[in-house]
Amino acid sequence: MGLVDVINISHSFGDNTLYTDASFELFKGEHMGLVGQNGTGKSTLLNSLIGDVIPDKGEIRWQKNVKIGYLDQHAKIDNNITVFDYLKTAYYKLYEVESKLNNLYENMAVDVSDEVLKKVSDYQSILENQGFYEIESTVLKVANGLGVAALGMDNQLKVLSGGQRARVILAKLLLDSPDILLVDEPTNFLDKEHVEWLIDYLNAFEGAFIVISHDYDFLDKITTCICDIETGMINKYNGSFSKFMELKGIKKENYIREFKSQQKQIKNIEDYISKNKARASTANMAKSRQKQLNKIEVLTAPGSTSKPDFRFTSLPVTAQKALVAKNLEIGYDYPLLPKMNFEITSEQKVVITGFNGIGKSTLLKTIINQIPAISGDFKFADNIKFGYFEQDINWKDSNISPIQIVSNRFPKLSQKEVRKQLAKCGLKEKNAMQAVSTLSGGEQSKVKLCMLMMKPSNFLILDEPTNHIDVDTKEVLKNELIKWKGGLILVSHEASFYKDWADKIISV
């Protein structure tokens with residue numbers, strides 16, 4: 001038995017079947033990557049493992065006394081405590097032992113019996129053996145590795161951004177030292193240096209883990225096995241992500257050959273039955289062939305995932321200077337960055353990188369007038385029409401469907417045209433009709449990309465557009481941005497996405 005055994009589970013959302021009779025095991029020490037296109041059920045599977053989602057059928061068996069650590073970016077926590085105090089809660093049991101020990105010391109003024117002295121000795125041994133007196137240095141080591149210390153260990157959690165908060169929760173999860181880690185897209189809110197630290201940490205991690213990620217370079221460096229969700233099945237492959245891609249390619253070729261061979265066999269039998277069932281001399285043979293045909297377990301046609309096929313709706317540009325900023329100060333109650341002076345031309349593609357929380361998203365929200373500047377000014381050229389992609393996935397009404405969302409934004413379009421545009425962005429028809437909140441993060445990003453594509457513009461402002469999307473959608477988006485003739489500001493932590501085509505990279 002593995003640390004966890006997934007046995008013949010099936011799960012559907014309405015008419016959308018995620019997987020049927022799927023099984024796999026996670027063994028001690030295995031480092032698993034969980035992959036699949038957007039909407040195949042990766043996050044649903046993790047939620048099933050922790051018991052938040054119940055499969056339609058099947059069973060999930062955990063080994064007894066296994067300590068599970070799950071990265072819940074939306075966990076309810078006390079936002080009024082400091083970052084340092086929150087991280088220390090990973091050791092709450094040891095602090096309880098310390099409290100009991102201190103109580104014994106206080107009572108020793110009146111009771112120094114052998115029983116009390118033994119308890120004191122036992123508690124002291126627990127604290128020493130489990131590293132209680134190194135807690136502060138251990139916390140700081142992880143906090144520095146993930147860039148949490150730079151956020152201010154004495155800052156309250158309520159002042160952090162969503163990405164910063166997720167990073168703190170990840171740090172606390174690692175400090176918990178569980179037997180199994182379940183982590184969904186950890187690199188979305190980490191900078192390059194911190195991703196490298198996490199890679200080293202996970203490679204040295206003695207327990208098992210399951211990690212969902214669309215960052216395949218990251219997966220290739222940390223995995224010893226891959227679970228692939230595709231066409232309603234979950235298949236496990238041993239080896240790294242690169243090895244998985246090689247094995248999957250071979251398996252697909254073999255399956256296609258087997259499918260074609262079976263189809264040829266079926267056609268030959270059907271042709272024989274058609275020619276001979278009406279003849280008295282061969283009717284019995286035809287019936288025999290029909291029984292043979294009925295017993296064949298027909299293979300499903302090989303699935304081919306179609307790539308999105310979207311296009312930006314571009315407007316002409318005449319001005320040379322698209323955006324000019326003079327002594328621009330950005331922030332909320334206080335400036336996040338020094339005063340900035342810059343110009344971006346009408347055809348320039350600028351990428352902004354830097355630590356999470358340093359002010360990149362705030363800069364974008366300032367220049368689109370979502371929040372006011374603290375001081376200084378900026379100005380777009382008169383003919384500039386910008387399109388904006390926001391990093392956070394927020395909807396005014398998360399219970400309506402993508403079709404309704406797009407129709408509300410573009411009321412002159414027929415529902416047929418709306419469906420067509422969503423399909424071009426890789427959203428299946430059945431997903432386009434369900435509540436947007438029930439879609440995966442990648443599918444919701446595709447809805448946002450769809451509306452961005454449909455809005456005529458000549459200047460794009462994109463804040464981490466690749467965070468949730470699968471590799472095919474990412475490749476299409478990349479090619480579209482390479483062909484884009486207007487101005488562009490892109491905030492991204494994914495160097496492989498932009499390094500070949502950016503005109504200018506600004507590291508904040």
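In the predicted model, lysine 455 is placed in the loop that runs between helix 15 (441–454) and strand 15 (459–463). The relative accessible area of lysine 455 is 36%, and the residue is therefore classed as partly exposed. Together with Lys385, Lys396 and Arg409, Lys455 forms a positive surface patch.

Although valine 447 and isoleucine 403 are separated by 44 residues in sequence, their C-alpha atoms lie 9.1 Å apart in space.

In helix 5, which spans residues 135–145, the buried positions are Ile135, Val139, Val142, Ala143 and Gly145. When the helix is viewed down its axis, these buried residues fall within an arc of 165°, and they therefore line one face of helix 5. Glu136, Lys141 and Asn144, by contrast, are exposed and are found on the other side of helix 5.

Helix 1, comprising residues 42–49, has seven of its eight residues buried, so that this helix is largely enclosed by the rest of the structure. The buried residues of helix 1 are Lys42, Thr44, Leu45, Leu46, Asn47, Ser48 and Leu49. Just after the end of helix 1, glycine 51 adopts a positive phi of about 90°.

How values were computed: Residues numbered from 1 in each chain as written. Predicted model: local features only at pLDDT ≥ 70, side-chain atom pairs only at ≥ 80, totals over all residues. Heavy atoms only, no water. Patch = residues over 30% accessible without salt bridge, like charges linked within 9 Å, V, L, I, M, F, W, Y side chains within 5 Å. Areas by Shrake-Rupley, 256 points an atom, 1.4 Å probe, with all protein chains shown as cover. Salt bridge = Lys/Arg side-chain N within 4 Å of Asp/Glu carboxyl O. Lys, Arg positive; Asp, Glu negative; His and termini not counted. Charge placed at Lys NZ, Arg CZ, Asp CG, Glu CD. Helix = DSSP H or I, 4+ residues; strand = E, 2+ residues; numbered from the N terminus. Buried < 20%, exposed > 50% of the residue type's maximum accessible area, 1.4 Å probe, protein only. Arc of directions from axis to C-beta.
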